[in-house]
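Subject: Handover of a structure and its findings

Dear colleague,

Please find below the structure that I am handing over to you. My notes on it follow directly after.

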Amino acid sequence: MTLVEPSLPLFIRNTQEKFHQQGYVILPQICSSLICEQVCEHLDEVVQTGPGSRRLLAFDWCQELAKSLKFHPFISPLLGPSPIANQCTYFEKSPDQNWLVALHQDVSIAVQPNAAATQLGISQKEGLSFVQPPIEILEQLVALRIHLDDCTINNGPLKVVPGSHQQGRLSDPMITKLRDHSGEISCLVPKGGVLAMRPLLLHASSKMTLPQRRRVLHFLCGPQHLPNGLAWHEAI
C-alpha cells in the first residue's frame, strides 16, 4: 500500500520540533483518496454496529496500513527506534452516532493477560486486556489518527491542550488548570491526513453540529519491548 509523500522543505525537522513542544502535529495528504476509499470499504465489511471497534489490527489490510505508516518518511522520525503498532481503533461520528468526550489523557494499553499485567490491574474491553502502565511507558507512545473524511469545526474535531503531554499523569484539578491556562485548539484534518499525538496530551471532542460523517482510524504505536514482564497484545 503506497502512501502519499508531501515534498515540503525542512518538513521533517519542523514536524519533530512541533511534535516535541506541543505534543501533536497535523500531517496532510499522507493517505491518498484511493486508500481512504479502500479502507472505508473494508470497514463497511467488518464494523456492522456501534460507533467503532478496538480490534481492527487483527485484519491483514489494517496490518499493511500500519506498516506503511510506520515507515513513512515523515512519520517514522516521530516514533523512535524499532516501533510497533499495538492497536487500531475505529471511531465514527455520524448523525446517528454522535457523542462528546470530556478532556482526558489516554493512559491504558492493550497487553497479554499475564502475571505482570494482573499485578497492575486488568480491565476488559471488547475481549482485550488493558492495563495502566508506568508513566515511563506512556511517555514513549504515539497515536496516529488517519482521517477518512474531512474533519471540520462542525463534525466534532479533536480538541487538544498544547504542551500538556509534558506534565505527566494529571489530576482533575490540574486538567482544568492547564486548559484554562493554555486553552484548547481544534485539530482540523483534511481527508487522508494524519494527526500524530502523544496519548498523554489532554484531548476532548464535542458533538458534531452538522450531518457530516467523521471516520478515524486510531493507531497506537510504541517501543518494540515492554519492561517488567509486560507484553503487547499485538506487535505489528
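Glutamine 224 is partly exposed, as its relative accessible area is 41%; the term covers the range between buried, under 20%, and exposed, over 50% (1.4 Å probe, protein chains only). Accessible areas come from the Shrake-Rupley method with that 1.4 Å probe, and for residues only the protein chains shown count as cover. Glutamine 224 belongs to the segment after β13 (214-223). Helices (H or I, at least four residues) and strands (E, at least two) are DSSP runs, numbered from the N terminus. Between glutamine 224 and proline 162 there are 62 residues in sequence and 27 Å in space, C-alpha to C-alpha.

Please note that this is a predicted model, in which local features need pLDDT of at least 70 and side-chain atom pairs count only at pLDDT 80 or more, while totals for chains, interfaces and linings use all residues. Residues are numbered from 1 along each chain as its sequence is written, and side-chain values use heavy atoms, with hydrogens and water left out.

Proline 73 sits in the loop between α3 (60-70) and α4 (76-79), and at a relative accessible area of 29% it is partly exposed.

I turn next to the charged residues. Side chains of opposite charge can pair when their charged atoms come close. A salt bridge is counted when a side-chain nitrogen of Lys or Arg is within 4 Å of a carboxyl oxygen of Asp or Glu. How many salt bridges does the structure hold? There are five, and three of them are described here, including the one between arginine 213 and glutamate 92, whose closest N and O atoms are 2.8 Å apart. Arginine 213 lies in the loop between β12 (203-205) and β13, and glutamate 92 in strand β3 (residues 83-93), so this pair ties together parts that are 121 residues apart in sequence. Arginine 213 is partly exposed at 37% relative accessibility, whereas glutamate 92 is buried at 11%.

Another salt bridge joins the side chains of lysine 159 and glutamate 184, at 4.0 Å from N to O. This pair links distant parts of the chain, 25 residues apart: lysine 159 is in strand β9 (residues 158-160) and glutamate 184 in the loop between α7 (172-182) and β10 (185-187). Both residues count as partly exposed, lysine 159 at 23% relative accessibility and glutamate 184 at 34%.

A further salt bridge is formed by arginine 179 and aspartate 180, with 3.5 Å between the closest N and O atoms. Arginine 179 is partly exposed, with a relative accessible area of 35%, and aspartate 180 is exposed, with 56%.

Glu37, Glu41, Asp44 and Glu45 form a negative surface patch. Patches are made of residues with over 30% relative accessible area and no salt bridge; like charges are joined within 9 Å, and nonpolar side chains (Val, Leu, Ile, Met, Phe, Trp, Tyr) within 5 Å. Lys and Arg count as positive and Asp and Glu as negative, while His and the chain ends are not counted. The place of a charge is taken as NZ of Lys, CZ of Arg, CG of Asp or CD of Glu. Glutamate 37 lies in helix α2 (residues 33-46) and is partly exposed at 43% relative accessible area.

The cysteines come next. A disulfide is a covalent bond between the sulfur atoms of two cysteines; here it is a pair of cysteine sulfur atoms within 2.5 Å. How many disulfides does this rule give? The count is zero. For cysteine 187, the closest cysteine sulfur is that of cysteine 151, at 8.1 Å, which is too far for a bond. For cysteine 221, it is that of cysteine 88, at 9.6 Å, again too far for a bond. Cysteine 187 is buried at 2% relative accessibility, and cysteine 221 is buried at 3%.

Finally, some backbone angles deserve attention. Most residues other than glycine have a negative phi. Glutamate 126, which is not a glycine, has a positive phi of about 55 degrees. Glutamate 126 lies in the loop between β6 (123-125) and β7 (128-131) and is partly exposed at 38% relative accessibility. Asparagine 228 also has a positive phi, near 60 degrees. Asparagine 228 is in the segment after β13 and counts as exposed at 64% relative accessibility.

With kind regards
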